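Dear colleague,

I am handing over the structure below, and after it I set out what was found. Please read the notes with the model open beside you.

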Amino acid sequence: MKPVVFYSTNGHAPEVDLRAALLQGQAPDRGLYLPCSFPQLDAPTLGSFARRPYAEIAFEVLRRFTPGTIDEPSLRALCDDAYGFDVPLEPVARFGGRAHVMRLDRGPTASFKDFAARMMARLIGRFVREAGQTLTILTATSGDTGSAVANAFHRIDGIRVLVLFPIAEVSARQRKQMTTLRDNIRTIAIDGKFDDCQALVKRAFADPELSQIPLSSANSINIGRLLPQSVYYFYAAARVARPGEPILFAVPSGNFGNMMGAMIAGRMGLPIRRLIVPVNGNNEFPLFLGSGDYRRIEPSLNCLSNAMNVGHPSNLARLVAVYGGEMDETGAIHRPPDMSSMRRDLFSTSVSDDATRATIRSAWEEHRLLLEPHGAVGWRGFLDFRGAESTDDSPAVVLETAHPAKFPDEIEALLGFSPEMPASLSALDTLAEDYDRLAVEYEQFKRYLITHY
Ligand SMILES: *Cc1c(COP(=O)(O)O)cnc(C)c1O
């Protein structure tokens with residue numbers, strides 16, 4: 001197999017291999033890395049996935065990207081180490097057994113971000129140790145990324161992690177998942193919004209005066225997060241669809257990293273009937289898909305599905321690139337993408353908080369399907385799609401991206417009971433927290449970085 005090369009969506013950076021793309025995070029021209037070409041999986045390989053465990057499918061998919069950077073036995077061991085938990089596919093009876101909810105919440109932080117973060121941490125840890133270096137991972141989180149990243153890198157030699165989170169937008173439990181780890185993990189509460197945290201991080205990466213600190217990003221802008229997020233689409237399709245049968249996926253979206261995983265799987269040969277990408281009240285994407293005109297939302301709206309409160313999804317530049325266009329990091333479009341193909345492949349809709357709550361209630365009452373706010377946005381998007389195109393009875397998989405026990409108050413208020421807590425979450429209450437606090441002030445943040453790293 002030939003090595004896969006990665007280009008920058010801004011078009012002004014050299015092409016790099018997987019190792020460089022992972023270690024840099026963002027390209028030097030502030031673009032995002034994407035593979036120059038997508039390796040293909042043939043039908044017999046896709047068919048064989050029906051009988052294979054998750055870690056093995058991960059290895060089969062990821063080894064297409066790693067020739068020349070990591071040997072196959074080592075990659076296999078990393079996949080086995082990263083993916084030891086269940087990936088349940090729960091059928092929903094009402095839809096003739098063809099609709100399923102895939103619960104991506106069984107990892108150590110009970111969020112789908114564990115899938116990406118655990119694999120990326122193991123790859124980066126290996127690359128850094130091979131080079132005899134140390135690396136600081138700098139990441140902004142709206143709740144779940146930070147805890148997944150911090151957990152994934154916790155106690156990995158050669159790596160230090162700094163997580164920024166918006167103090168008022170993160171639940172106590174989400175906060176504790178980051179602030180109780182210690183060791184090589186440091187956290188800062190920012191008196192601002194997620195977008196402010198993301199802006200501080202982006203500015204630090206672009207600051208030449210910080211170039212002596214080896215920084216890398218673990219946000220969804222890192223291609224090392226996206227590639228592992230393609231794996232569960234292969235896994236689900238093999239278990240739910242007949243061989244070669246196109247499948248519907250509904251992916252509740254914020255920064256569009258998860259949906260880009262599906263896009264990558266599709267480009268690698270997985271037949272996808274339609275990709276449904278509902279968002280919360282931050283509706284910049286459905287508006288863009290409709291009009292071709294892109295306007296970021298500033299500041300982003302604070303919605304119930306708080307990990308999706310994104311007014312300018314960082315992965316949009318990648319989506320635009322896949323459809324032949326060019327969008328820079330500010331959201332300016334320099335070459336329009338093929339909007340009609342994008343509309344053919346994607347369906348998007350905005351789900352209000354009221355509709356999210358009503359969906360949590362009706363999913364439980366009608367199907368005994370327990371959803372939290374992010375998964376409810378996904379399920380509502382699927383129902384909206386069926387309403388709009390009622391003839392489509394393709395097999396469907398709706399992604400539930402967090403564990404309902406992460407939203408006990410909301411579920412209790414709507415359904416009258418508290419979801420059972422997974423052990424990984426219940427242990428948190430006994431641990432002591434440790435974090436720093438800063439205003440949204442770049443110079444202060446920069447001094448912090450220089451002092452600590
Ligand atoms: C991050 C997150 C999302 C959104 O995923 P994107 O890749 O940013 O679109 C959805 N649900 C949960 C629970 C998340 O943590």
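Which backbone N or O atom lies 2.7 Å from an oxygen atom of the ligand? It is one of Gly254, and the pair is a polar contact, meaning N or O atoms within 3.5 Å, where within protein one must be able to donate a hydrogen and the other to accept it, and residues adjacent in sequence count only if both atoms are side-chain atoms. Taken alone, the ligand exposes 380 Å², of which the protein buries 98%, with accessible areas from the Shrake-Rupley method and a 1.4 Å probe.

Before going further, please note that this is a predicted model, in which local features need pLDDT of at least 70 and side-chain atom pairs count only at pLDDT 80 or more, while totals for chains, interfaces and linings use all residues. Residues are numbered from 1 along each chain as its sequence is written, and side-chain values use heavy atoms, with hydrogens and water left out.

Around the ligand there are 15 residues, each with a heavy atom within 4 Å of it, and those that come nearest are Lys113, Gly254, Asn255, Asn258 and Thr401. The side chain of Lys113 has an N or O atom 2.5 Å from an oxygen atom of the ligand, whereas the side chain of Thr401 places an N or O atom 2.7 Å from a nitrogen atom of the ligand.

As for the chain itself, its C-alpha atoms fill a box of roughly 60 × 50 × 45 Å along the principal axes.

Two backbone details deserve a look. Glu298 and Pro299 are joined by a cis peptide bond, with omega at about -10 degrees. Arg30, a residue other than glycine, has a positive phi, near 70 degrees. For context, most residues other than glycine have a negative phi, and most peptide bonds are trans.
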